[in-house]
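Here is a short briefing on one protein model. Look at the sequence and the structure first, then work through the points.

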Amino acid sequence: MAKRKYTHIKIIEPKLIAMRAAGKTNREIAEFFGLEIRQIENWVNRYHREQARLAAGLPLKRRGRPRKHPAPTSIQEYQYEIDRLKMENELLRDFLQLTERM
């Protein structure tokens, strides 16, 4: 079978995990799927890194560019943000009144 340069590894991931559990080598897995050995090695490294992060209770890396200002995730965070903005508005209003600009 000819070697493929690109494949969606996530699609064949359950089969890869089963083959690794059965004791197949990276070479055997690569030949079975028609991939290069290096692709399987990279997948194994990523998979082990991901499993270690999950076992340690750490969040997985998100894909894409991070947000500039992450959105609040709970009602308490929303309420805190609303209170902070109200306070900021009051301070600005008082400042403008003191400087007689309003």
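Isoleucine 29 lies in helix 2. Helices here are DSSP runs of H or I with at least four residues, numbered from the N terminus. This is a predicted model: local features need pLDDT of at least 70, side-chain atom pairs count only at pLDDT 80 or more, and totals for chains, interfaces and linings use all residues. Residues are numbered from 1 along each chain as its sequence is written, and side-chain values use heavy atoms, with hydrogens and water left out.

**Isoleucine 29**
- Isoleucine 29 counts as buried because its relative accessibility is 0%. Buried means under 20% relative accessible area, exposed means over 50%, and partly exposed lies in between (1.4 Å probe, protein chains only).
- Isoleucine 29 touches Leu16, Met19, Arg20, Lys24 and Ile40, leaving aside residues up to four places away in sequence. Contact means heavy atoms within 4.5 Å.
- Methionine 19 is ten residues from isoleucine 29 in sequence, and their C-alpha atoms are 7.1 Å apart.

**Asparagine 26**
- Asparagine 26 is also found in helix 2.
- Asparagine 26 counts as buried because its relative accessibility is 18%.

**Helix 1 with helix 2**
- Helix 1 (residues 9-21) packs against helix 2 at about 145°, with the axes 10 Å apart. Axes are lines fitted to C-alpha atoms, for helices over the stretch in contact, and angles run from 0 to 180 degrees between N-to-C directions.
- Helix 1 contributes Ile12, Lys15, Leu16, Met19 and Arg20, while helix 2 contributes Asn26, Ile29, Phe32 and Phe33.
- These contact residues divide into six nonpolar, one polar and two charged. Ala, Val, Leu, Ile, Met, Phe, Trp, Tyr, Cys and Pro count as nonpolar, Asp, Glu, Lys and Arg as charged, and the others, Gly among them, as polar.

**Helix 2 with helix 3**
- The axes of helix 2 (residues 26-33) and helix 3 (residues 37-55) come within 8 Å and cross at roughly 115°.
- Asn26, Arg27, Ile29 and Ala30 of helix 2 meet Ile37, Ile40, Glu41 and Val44 of helix 3.
- Five residues of this contact are nonpolar, one is polar and two are charged.

Definitions and conventions. Helices (H or I, at least four residues) and strands (E, at least two) are DSSP runs, numbered from the N terminus.
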